[in-house]
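Here is a short report on one helix and on the aromatic rings of this structure. Please keep the view open while reading.

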Amino acid sequence: MNQTTPTPSLASPAQLLADAKRPTLTPAGLVGSTPVLWIGTPFTAAGRGFWAKLEGHNPGGIKDRTALHLVRAARERGQLLPGARIVESTSGTLGLGLALAGATYGHPVTVVTDPGMEPLMTGLLTAYGVEVHLVDAPHPTGGWQEARRHRVEELLAAHPDAWCPDQYNNPDNVAAYAPLAHELIAQLGRIDTLVVSVGTGGHSAGIASVLRGYFPRLRVVGVDTTGSTIFGQPPATRLMRGLGSSIFPRNVAYDLFDEVHWVAAPESVWAARQLARHHYATGGWSVGAVALVARWLARTRPAEDRIVAVFPDGPQRYVGTVFDDIYCHGHGLLGHLPVDDPDEIAHPGDRTVTRWTRCTHIIDPLATAERRDVNSGALAGAV
């Protein structure tokens with residue numbers, strides 16, 4: 001007996017066009033509309049999980065959004081003249097974004113970095129035509145970041161027409177992430193908890209401020225690294241890059257955070273490698289740290305809580321660090337299974353943390369210092 005093969009129903013041309021990714025005429029058109037992925041077992045407890053926003057699907061990572069917006073806004077205001085040089089300090093990802101923005105708008109780019117930048121990243125930036133300057137010694141109090149900023153000032157003095165985006169303090173860095181927040185709303189509808197790494201403060205403030213406008217009860221969880229000063233811990237040597245700071249960026253919106261977690265490098269490496277093995281989607285230091293905290297929240301928050309974690313980049317730049325056994329063995333990063341629950345402190349100044357630790361009391365270290373100075377002055381005047 002002859003058997004006929006069922007003919008699949010054909011979608012209409014309009015539906016095919018709607019389902020296809022839009023074509024783009026420029027590299028900048030590749031930025032945005034990144035996917036979200038469900039992260040569940042075996043990384044999380046059975047029946048629990050969270051959504052990951054995969055910003056590694058941008059050409060260079062999450063800071064492609066920042067760089068394009070910063071450059072476009074500066075050009076519109078006349079701060080960045082046609083063909084003028086862009087000079088900025090970066091640990092890597094913003095450098096890739098500025099290379100993209102420079103190619104898009106016709107600007108040469110100079111980035112200042114330090115010996116911690118991976119050779120792969122330096123090679124990529126050079127291939128993209130970026131001029132890379134390396135500082136050779138940390139600042140006595142501000143560390144590598146302050147040393148890089150001083151070199152930026154020297155370069156700006158040598159090139160009077162050059163422009164610095166100042167990612168740490170420029171409010172355009174925050175505004176750049178409104179589209180990402182809108183993408184999340186379109187993709188997931190309701191969001192109850194947002195988990196974000198904190199470095200310059202741009203994407204945490206930009207995403208959280210927009211989402212809280214739609215979801216007033218949104219819980220915002222910041223993820224920092226041990227040794228970072230952002231949330232009031234004392235400075236210490238930091239191995240992880242892309243999150244944390246030895247200076248106080250003014251883009252950090254302290255009032256938006258409900259809690260902060262500090263994560264140590266071995267804990268981040270464990271999480272990044274587990275994600276790679278079981279979910280294929282992974283990244284470096286920031287992704288590992290954010291995923292570890294989101295994993296805990298998925299287990300401890302109510303089952304109906306919809307949790308979103310922002311993964312700032314992918315794994316490519318970390319093949320020689322996070323995913324390199326020789327590097328990890330040399331830095332004592334392997335064989336450290338994270339505990340089920342973080343340590344807890346009541347105040348960021350209670351003690352120096354060296355492993356995964358949580359605090360629900362958020363302070364702005366600069367505002368605290370300013371109040372202390374004002375009070376000291378008032379007491380001196382009274383005396």
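## What covers helix α8

The buried residues of α8 are covered by several elements, including α6 (171-175), α7 (178-188), β6 (193-197), β7 (219-225) and β9 (307-311). This is a predicted model.

Helix α8 is mostly covered, with ten of its 13 residues buried. Among them are Gly202, His203, Ser204, Val210, Leu211 and Arg212.

## The length of α8

Helix α8 takes in residues 202-214. At 1.5 Å a residue, its 13 residues should span 18 Å. The end C-alpha atoms are 19 Å apart, which agrees.

## Aromatic pairs

How many aromatic pairs does a search of the whole structure find? It finds eight. One of them joins Tyr214 and Phe215. Their ring centres are 6.4 Å apart and their planes meet at 45°, so the pair is tilted. Phe215 is buried, with a relative accessible area of 16%.

Phe231 and Tyr254 also pair. Their ring centres are 5.6 Å apart and the planes are at 80°, so this pair is edge-to-face. It links distant parts of the chain, 23 residues apart. Phe231 and Tyr254 each sit in the loop between β7 and β8 (259-263). Both residues are buried.

Which residues do ring pairs link into a cluster? They are Phe43, Phe50, Trp270 and Phe311.

Technical notes: Residues numbered from 1 in each chain as written. Predicted model: local features only at pLDDT ≥ 70, side-chain atom pairs only at ≥ 80, totals over all residues. Heavy atoms only, no water. Helix = DSSP H or I, 4+ residues; strand = E, 2+ residues; numbered from the N terminus. Expected span 1.5 Å × (residues − 1). Buried < 20%, exposed > 50% of the residue type's maximum accessible area, 1.4 Å probe, protein only. Contact = heavy atoms within 4.5 Å. Phe/Tyr/Trp six-rings, centres within 6.5 Å; stacked < 30°, edge-to-face > 60°.
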